[in-house]
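Hi there,

Here is the structure I promised to pass on to you. Please have a look at it first, and then read my notes below.

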Amino acid sequence: MAKNVDATQGNLIKHIFVYTIPLIISIVVQTLFVIADRAVLGNMAGSAAVAAIGATSGAVTSLITNGAMGLATGTTIILARFAGQKNQEKIRQTIDTSLLTAVGLGAVIAIFGYFFTPVILTLTKCPSECYNDAMMYMRIYLFSTPAILVYNYGSAILRVLGDTKRPLIYILTAGVVNVVLNIVLCLILSQKVLAVAIATLVSHLLSVAMLLWRLCHFDGGYSLRLRSMRFKCDIFTKILRFGIPSSISKLVLPLGNLQIVTAINTFGVDAVAGTAAASSVNSMVLAVDSGFSSAATTFMGQNIGAGKVERVKKSFWYLLCINVLITGTLGALAFLSGRFWIGLIVGSSSKNAIDFGMQRMFYVTLLIFISAANSILTSALQAFGYPLLISVTNIFFNLGFRVMWMQFIYPQRADFATIMLCFPVSWLLNMLFYAIFFTVVYIRYTKKGICKKI
């Protein structure tokens, strides 16, 4: 693993950036390709086509896939500890079990999702103008779920083992193919949403094929052997133990957003398209947040496993300050240039859609530094082995509070701004309780040496 980042030794800040920058670029590239999908549709088919993807690729598809992806957090937590302990056998067992879990869950989601797509779109009041296209896109997207999950689990494995550069190469390659296919297929096919869906499916399959090749040729004795893969129940139990709370957390967010999505849909196609476009721009900023929060879990987890208390402390404080400062600055810059980016996606002539998107960016993107602080706090709690605390907080504030807001606050003033205000208020409430939980765990570890065992 000489070419990979070892979080337990060396210059900490340098390692953080060497580890994080390729990861951030990977997430940015993924987001750019999502924006490319919507930009092609917005300029070649109109805002209704963008809404067809926006009605499915937000809270709905997140609800279906995030629970399974949450288990990947369980993989990250236990693999980081084993990597810190240099336990080669446990690392190999974790890799095999995680990938087999991803394949199984992906197949189940693909099958059930196909049949329940019409029910979900009806419940969320998908606008009739884009209903058929939304159903087609969502079904094709869900068909690629096994590939999506294997890629996410596999890339999480590579990240924990210190390799964030290869996933960047794979995403770049698959993304270029996606963009080219978007344009070519949109020129050939009359159904533009179908063209984009096919291009997305092909790019997912390509990226997972490259990632599996890398895992099969990984150095340091951790290479994947497809013919001798074994499912270990004890490892699977550990993944569930730490992954289920994370799955609950990831499920709670889209569940809490379902009422929000339903309310947004009632404002019409422009609101859906503008919100989807703003979400894409917001995702660009969140790429930085995701990169540093992933680094927090890996760096803190490995150093906890290695018993390096001071390095654990420094990892947390460095990453908290860096993430809030950089993510907050980028959020402000994105908001200031928001009309340009949203117009690029939905088409500059879609004035109403742009206005809706800018309202979202005011309440969400401009205040994203709050979410950035929460991300580091939750990643730190995961590294310490307490994802259940995060789940409890999320159930109360990302689910309970948002449902209460939409049931009681929103009816008092049923406008778009009231919907968007729900996001920063729930973030602040989350932060309060995350900070309390983390302070207790942090003091127990740094002062008394108490840490949850894997």
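Arg-339 and Asp-355 form a salt bridge, with their closest N and O atoms 2.9 Å apart. This pair links distant parts of the chain: Arg-339 sits in helix H12 (residues 338–346) and Asp-355 in helix H13 (residues 351–365), 16 residues apart. Arg-339 has a relative accessibility of 43%, so it counts as partly exposed. Asp-355, at 35%, is partly exposed as well. Please keep in mind as you browse that this is a predicted model.

How many salt bridges does the structure hold? There are 6. One of them brings together the side chains of Arg-214 and Asp-163, at 2.9 Å from N to O. Arg-214 belongs to helix H8 (residues 192–216), while Asp-163 lies in the loop between helix H6 (145–160) and helix H7 (165–188), so this pair ties together parts that are 51 residues apart in sequence. Are these two residues buried or exposed? Both Arg-214 and Asp-163 are buried.

Another salt bridge joins the side chains of Arg-413 and Asp-415, where the N to O distance is 3.0 Å. Arg-413 counts as exposed because its relative accessibility is 60%, whereas Asp-415, at 23%, counts as partly exposed.

Next, a helix to look at: H14, residues 368–383. At 1.5 Å a residue, its 16 residues should span 22 Å, and the C-alpha atoms at its ends are 23 Å apart, which agrees. Of the 16 residues in H14, 15 are buried, so the helix is largely enclosed by the rest of the structure. After H14 comes Gly-385, which has a positive phi, near 95°.

Finally, there is a backbone detail in a loop. Most residues other than glycine have a negative phi. Lys-86 is not a glycine, yet its phi is positive, at about 60°. Where does Lys-86 lie? You will find Lys-86 in the loop between helix H3 (59–85) and helix H4 (88–123).

Happy exploring, and do write back with any questions!

Best wishes

Definitions and conventions:
Residues are numbered from 1 along each chain as its sequence is written. This is a predicted model: local features need pLDDT of at least 70, side-chain atom pairs count only at pLDDT 80 or more; totals for chains, interfaces and linings use all residues. Side-chain values use heavy atoms; hydrogens and water are left out. Helices (H or I, at least four residues) and strands (E, at least two) are DSSP runs, numbered from the N terminus. The expected span of a helix is 1.5 Å times one less than its number of residues. Buried means under 20% relative accessible area, exposed over 50%, partly exposed in between (1.4 Å probe, protein chains only). A salt bridge is a side-chain nitrogen of Lys or Arg within 4 Å of a carboxyl oxygen of Asp or Glu.
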